[in-house]
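Work through the exercises below with the model in view. Try each task before reading its solution.

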Amino acid sequence: MLFFLARRIGVMLVTAFCLTFVVFYLTNIPAKLETLAKTQAGSRISDAEVASWLDRNGYNQPMLVRYGEWLGVARGWTHAADDGAQSGRCYILSGTTEPGAAPARCGLIQGYWGNSTRFRAPVSEVIGARLGATGMLMLWVLIVMVPMALVVGVLAGMREGSRTDRTLSTFAIASTATPEYVSGVVFIALLASSTVGLSPLLVSWGWIEGPVLFQGNARSALDNITFWNFALPVMTVALYGMGYVARITRASMTEVMTQQYVRTARLKGVSFPNIVLRHALRNALIAPFTVIMLQIPWLLNGVVIVEVLFSYPGFGWTLFEAAANNDIELLLAASVVAVLVVLITQLISDIGYVYLNPRIRVT
Amino acid sequence: MTKDSSNGLHQGVRGYARECKDGKLSRREFLTRATALGVAAPAAYGLLGLAAPQATAQTAQMGGSMRIQMAIKAQRDPRTWDWSELSNVCRGWLEYLVSYERDGTVQPVLLESWEANADATAYTLKIRPGVTWNNGDPFTASDVAHNIERWCDASVEGNSMAGRMSALSEDGKLRDGAVEVVDDLTVQLNLSRPDIAIIVNMTDYPAAVVHPSFTGDDPIAEPIGTGPYRPVSYDTGIGAVIERNPDHTWWNEGNGAYLDRVEFIDLGTDPAAWIAAAEGGEIDLTYQTTGDFIDIFEAIGMPSSQAITANTLAVRFNQESAPYDNVNVRRALQMAVNNALVLELGYNELGVVAENHHVCPIHPEYAELPAPTVDPARAAEMIAEAGLADHEFELISIDDTWQAASCDSVAAQIRGAGINIKRTILPGATFWNDWLNYPFSSTEWAHRPLGVQVLDLAYRSGVAWNESAFSDSEFDTLLDQASGITNADERRDVMKRLQEIMQEEGVAIIPFWRSIYRNLRPNILNAEMHPSFEIRYQHYALS
Amino acid sequence: MDPLSWLDILGRLFVQLLPVWVALVALFAVSITFKRRLGLYGKLFDSTVGMIGFALVMFWVFAALFANMILTHDPLAQFSGMRNAAPGLPLRDPAGGYDYFLLGGDALARDVFSRMVVGAREVLRIAPFAAMISFMIGISLGLPAGYIGGKLDTGLTFIANLVLAFPVILLFFLLVAPEIQDTPIPRAMAGILFLMPVLFFTVLLNARFFTQPPKRNLYVGAVLVIGLWAYSGLAFNADPLGIWGMSPNLLNVFVAVVFVNAPTVFRIVRGITLDIKTRDYVSAAQTRGEGPWYIMLWEILPNARGPLIVDFCLRIGYTTILLGTLGFFGLGVAPESPDWGSTINQGRRLLTVYPHAALAPAFALMSLVLGLNLLADGLREESLKD
């Protein structure tokens, strides 16, 4: 088991290393650096000003050296101003201008994640705060999605081919065929608009006080999550993710229902609900469990769309902002987090699979 | 406005007033010109026999808070600001020497008055007495001199004030003797050439006045300023919170600073998200609303406020890249496009049709020209004559809603004439990388009070922002001439020729002058749309 | 002229879509008549779900094929006075063209119906093709990884997992950016990715016919000529005859989509191969002394076709959604392009006031993806019955 974990962690590190290098390479091609200079120093600055800005901020070194700086294996760049004040990667990161006061290397190894150029704040702060916000979103998504998907899947798979099965299966398929950028918009139009959809009706009946039932913008959920400002983003992500899990559950359930021990139980005269709850359910849930864990990184996509659509500043929103503004160090940190999420969920899914299914041993 | 400046009135101003009364000059033009030369606004209105309009401050309530939708970008040194959003947050504590008003006047703020000499080469600035910084220091002439020196420093990347102050600088630095501190409250400016725009330039948003101790590029961290507010928090991309500063006595106490708290909320660039936020009661005011969204906001109970401006979209050709080096190609493409249709389809008819030159009817210098001809059939012929019948043109634009829509409309009309064209849309961050060099692309140009200002900035041979690579010695000579003419009729004659040259040379398709709008809740006072997108929340109030 | 009523609109839509109905009826009549002779495809017509899915998919395929007969206006033309026009509004000046905007106008006064129909062509041109290339890459790498195993397997699996660890959106932002277009990166990636199908077919035919050199030379030669010709045009825009070609923008989108999809296919193929290679018929072929490529391509692959066809259908749907996601973030695809993702994105902003501009393409996208999903379900059910 220990060897298994160590190997997994090793793979994780190598993956993160390769991935950050690719991200670093793609964000540091000359045209991207020019974009960065223009977003930082003024969109209409001249080419000479771009060159001077890049030079003054340490972007003119070979790419490998700068990747080394970020990792913390190469010395950070320095730049002496005319008035004697020293500037450089490590000076900025440790907040000093006095020559010699900053460490020589300041990268990941030394614990520095760098500064975000988009948000003008340490990357660790930005990522930390935003991950918290996305954590809340994901938590509620899972709370809504998992039970819904399991119930739909189990009900459909319990009696294969029945009318319930057909209806629920079609519903599950339709939900996977509705991308977030469609369902989110339709939800807003139906439930969070004072001119169309449900809200004007409810207002005219006097059922709600405000002009709209739900809020079509989740910014206020950052400070205070309520049902009314958080329901739409959660539903949007959950709906798209639900269909897939439900279908896996259904497939797994139909398979279990044809197993010998279930047949035996039925022949013995055990009641149908009892069979489902006592005998079939546990074995039918092994497959969905792995799928749910593997769904989490995949849901991240939907989270980006939904957070941008509902202007909810979470991790997905940060990823979008960082990518759109070529915020190099923030993107690097975000990809490290993404790799960790992918690999940790895989790990949990593997371990959980073993735990749920005693026939398999980790080797 | 204690001093009546009509005594030492600039000699040109009385002439302007006469022209205005004779109907040769619009009132707005008169006000812009007279105040730019140092006539106080009430006096300028007085010359026309009118009373200056009073702000509707009577019903304003003290207290309350307001939430404003606006992009919150990473802050930096004020003189390098390239977005008015950056300045709007800081307006509560960083004030300006002078301000540009909705009616076209230039009003004193930290200055009390100013006067120009006869040929506009020397200006005397009188500083408002009794102004203090919020750290207790008095605001003096040396602070003004310090700021002008900062503005003239062209070695700072992105310092756009340097160009505006070029009559005061030399070799990218303040020229020796250009600024004289006469006494504690008087500054004398000695210009190297006549420049009627220098005071107007000080109303621009990068001209925020900073404390002498300010260095670096974060005006939020140590918010020393003269205004009544101070920042509480500033989160790029998310929002900013401003509160009234209880430890500071504002020089204009009693005439503003009504609100206790102002919150800016960044909801991204998608207007649909702003609508959703407004419907949920999360914002009270928008920074700018465009197109169909104006009506939607009105429908949900947020009336709109309009400002008529010279903001426009220049769909320009770069004359250095083939095939746009051929004037017939440029003229043909212009001829294929009906500007009225671009205004209808690209900007909902919320503006005035323009005539493919960059002087707007609201500019003092504007000369009326016949409308440009629209003849798609002839356009196609001319393209064929140039041997480009099978050439695929490419029109590049930024991915902003109305700009992209206007360019789509331009392209659709060119295509309708039987000319091959494709569209390319670049994201905002990428677009500016090459904006000067795209062969055929569109650029948004902001409103400027005087017509010569944009011509000087964008169409003079070899200037930094000359994106059309337009170079015409006659144009340059006439432009110099125009900048030195004070008489309106004479100047208009020169302007007429300048405008004609732009049309004849097919410099750009300039389809319309757009009016700009914001939407706000009906109980908000003093928050009308400003032609330069200023949000002066120190004057906003709730009723 | 008065605006049309909804009944009129539906009637006129039905008439406009006549070529599609005729084609659908003909296809179904022929297929159902001969379904016993048509293998897996024929069995599809035993399943209601499968038939509904197939009908939905074919509806859009025929709409794309006959787009020129169906559409009422030029999808890029703008008509004065038709901004955000309601469905069924007559044109001010039809100028000899169709008199109405059947499904209304969009924010730029273009006909929503025509854009939706031509959008089908845009989507069906990219999505299935991208899915197909992804499959060939996934198969060409997944078969040897599963069959041969060892270091090859470890290496390929690591690379696949690496790509899968990327958040898709980040990858799109990095790869589809306009700055990247000007670098050799997309061309280089296309150079590698598009070579795979050529290699795939070459090896496929060579493994089968290497005992009959004349036949082999003919087939392999033909594949190489056509394949390399298309390859030079698609990947490097260097087709001497100028028939094959892709704009840099489209190539970029295409490469990114293939790059995202291929590793998933690889994993599926590898998994199936690991399972099938223990079967008796594989051992029998090994004993016969067949080469490894013959076994992989002519023994294992045909037996893996069931799950692969099912996944192929699902993947086309997923790719369609993915292209829409690109449109949502304003990446890739040409700006005036009527593809559904971009039109939904443009229309969604005004959804509360003018819903038709976004709902028409949204409905189209959902019905196509739903159709593909149902088709996949039907195929899965029928292939399991074997």
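**Exercise 1.** Find the bridge partner of Ile68(B) in strand 13 of chain B.

*Solution.* The partner is Leu285(B). Now widen the view. Strand 1 (residues 65-69) and strand 13 of chain B run parallel and are joined by two bridges. Strands are DSSP runs of E, at least two residues long, and helices are runs of H or I, at least four long, all numbered from the N terminus. Two strands pair if DSSP finds at least two bridges between them.

The model is predicted: local features need pLDDT of at least 70, side-chain atom pairs count only at pLDDT 80 or more, and totals for chains, interfaces and linings use all residues. Residues are numbered from 1 along each chain as its sequence is written, while chains are lettered from A and ligands numbered from 1 in the order in which they are written.

**Exercise 2.** Which residues are in contact between chain A and chain C, by number and class?

*Solution.* Start with the count: 33 residues of chain A are in contact with 31 of chain C (C-beta atoms, placed from the backbone, within 7 Å). Next, the elements. Helix 1 and helix 15 of chain A are among those that each supply at least two residues to chain A's side. Last, the classes: this side has 24 nonpolar, eight polar and one charged residues. Nonpolar covers Ala, Val, Leu, Ile, Met, Phe, Trp, Tyr, Cys and Pro; charged covers Asp, Glu, Lys and Arg; the others, Gly among them, are polar.

Methods:
Two residues are in contact if their C-beta atoms, placed from the backbone, lie within 7 Å.
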